Amino acid sequence: MIHFSIIVAVDQNYGIGINGQLPWHLPADLKHFKEITCQTSSPSKQNVVIMGRKTWESLPEKFRPLPNRINIVLSRNKDLLLPPNVFKFESLQKTLQSLELRNLRGIPEFENVYVIGGEQIFNEAIKFPECQKLYVTHIQQSFDCDTFFPPFATAFIKQSSSAIAQQGGISFSFTQYVRKSS
Ligand SMILES: NC(=O)c1ccc[n+]([C@@H]2O[C@H](COP(=O)([O-])OP(=O)(O)OC[C@H]3O[C@@H](n4cnc5c(N)ncnc54)[C@H](OP(=O)(O)O)[C@@H]3O)[C@@H](O)[C@H]2O)c1
């Protein structure tokens with residue numbers, strides 16, 4: 001069974017997005033996201049990032065595909081066009097099966113797998129037992145949001161949390177949760 005992690009930033013109400021974008025401007029969290037999702041034990045390996053089609057489209061064109069990571073976009077649209085180095089799958093289940101079999105053609109060896117959003121993909125991914133870890137940036141404010149992260153307290157337990165930091169008047173902390181053993 002191939003394990004994966006979710007990485008997300010949430011506000012006080014577990015809001016994650018508004019109008020197809022992030023509700024806040026928090027460069028420290030983007031840096032954290034980059035560090036976690038790029039970090040591998042060997043420079044010859046990359047990590048996989050799995051995202052929904054809307055999150056893909058939310059990335060500015062000059063920043064996509066996310067560099068030094070194997071980008072996978074989930075979409076049921078057979079006509080969706082993506083750059084040649086980006087993989088498309090029609091379901092999370094099929095993505096995980098392919099990763100498990102290591103039968104993605106033409107990609108370097110990968111190390112960790114991260115599901116990076118948005119709401120639709122998080123809602124589905126968090127139910128998979130393969131989802132063993134959550135990297136949650138807790139932003140200690142309320143923003144206007146139209147997309148949310150699902151409740152997870154019954155299935156996950158806090159593993160560690162950073163000190164509270166501040167940037168641009170926004171307080172936040174980086175917290176990790178692991179799936180409770182059943
Ligand atoms: N705060 C954070 O950490 C964070 C992280 C990521 C995103 N976001 C925000 O979240 C918002 C986007 O979330 P969203 O829920 O609207 O969109 P999304 O989850 O990014 O993408 C939804 C799309 O993914 C495809 N999809 C969904 N479930 C699928 C499945 N089971 N199998 C195959 N394809 C599937 C569909 O694409 P087709 O319609 O093409 O079939 C669907 O329209 C944005 O505001 C974004 O900025 C926030």
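## Definitions and basis of the model

On a 1 Å grid over the protein atoms alone, a pocket is an open set of points where a 1.4 Å probe fits, with protein on both sides within 12 Å along at least five of seven lines; its lining residues have an atom within 4 Å of a point. Grid points are joined across faces, edges and corners, and a volume is the space filled by probe spheres set on the points.

The model is predicted: local features need pLDDT of at least 70, side-chain atom pairs count only at pLDDT 80 or more, and totals for chains, interfaces and linings use all residues. Residues are numbered from 1 along each chain as its sequence is written, and side-chain values use heavy atoms, with hydrogens and water left out.

## The largest pocket

The largest pocket has a volume of about 1500 Å³. Its lining comprises 48 residues, and those nearest its centre are Leu22, Thr55, Ser58, Leu59 and Ile116. Two or more lining residues come from each of S1, S2, helix H1 (27-38), H2, strand S4 (69-74) and H4; helices (H or I, at least four residues) and strands (E, at least two) are DSSP runs, numbered from the N terminus.

By class, the lining divides into 21 nonpolar, 16 polar and 11 charged residues. Here Ala, Val, Leu, Ile, Met, Phe, Trp, Tyr, Cys and Pro count as nonpolar, Asp, Glu, Lys and Arg as charged, and the others, Gly among them, as polar.

## The ligand and its shell

The shell holds 27 residues (a heavy atom within 4 Å), of which Arg53, Thr55, Ser75, Arg76 and Glu124 come nearest. Nine of the shell residues are nonpolar, 12 polar and six charged.

Polar contacts are pairs of N or O atoms within 3.5 Å. A polar side-chain atom of Thr55 lies 2.6 Å from a ligand oxygen. Backbone atoms also take part: a polar one of Leu22 is 3.5 Å from an oxygen atom of the ligand, and an N or O of Leu74 is 3.5 Å from a ligand oxygen. The protein buries 89% of the 940 Å² that the ligand exposes when taken alone, by the Shrake-Rupley method with a 1.4 Å probe.

## Backbone geometry in the loops

Arg64 and Pro65 are joined by a cis peptide bond with omega of about -5 degrees; Pro65 is placed in the loop between H2 and S4. A cis peptide bond also joins Gly117 and Gly118, with omega of about 0 degrees, and Gly118 belongs to the loop between strand S6 (110-115) and H4.

Asn19, although not a glycine, has a positive phi of about 50 degrees. Asn19 is found in the loop between S2 and H1.

Terms used
Polar contact = N/O pair within 3.5 Å; in protein donor to acceptor, adjacent residues only side chain to side chain.
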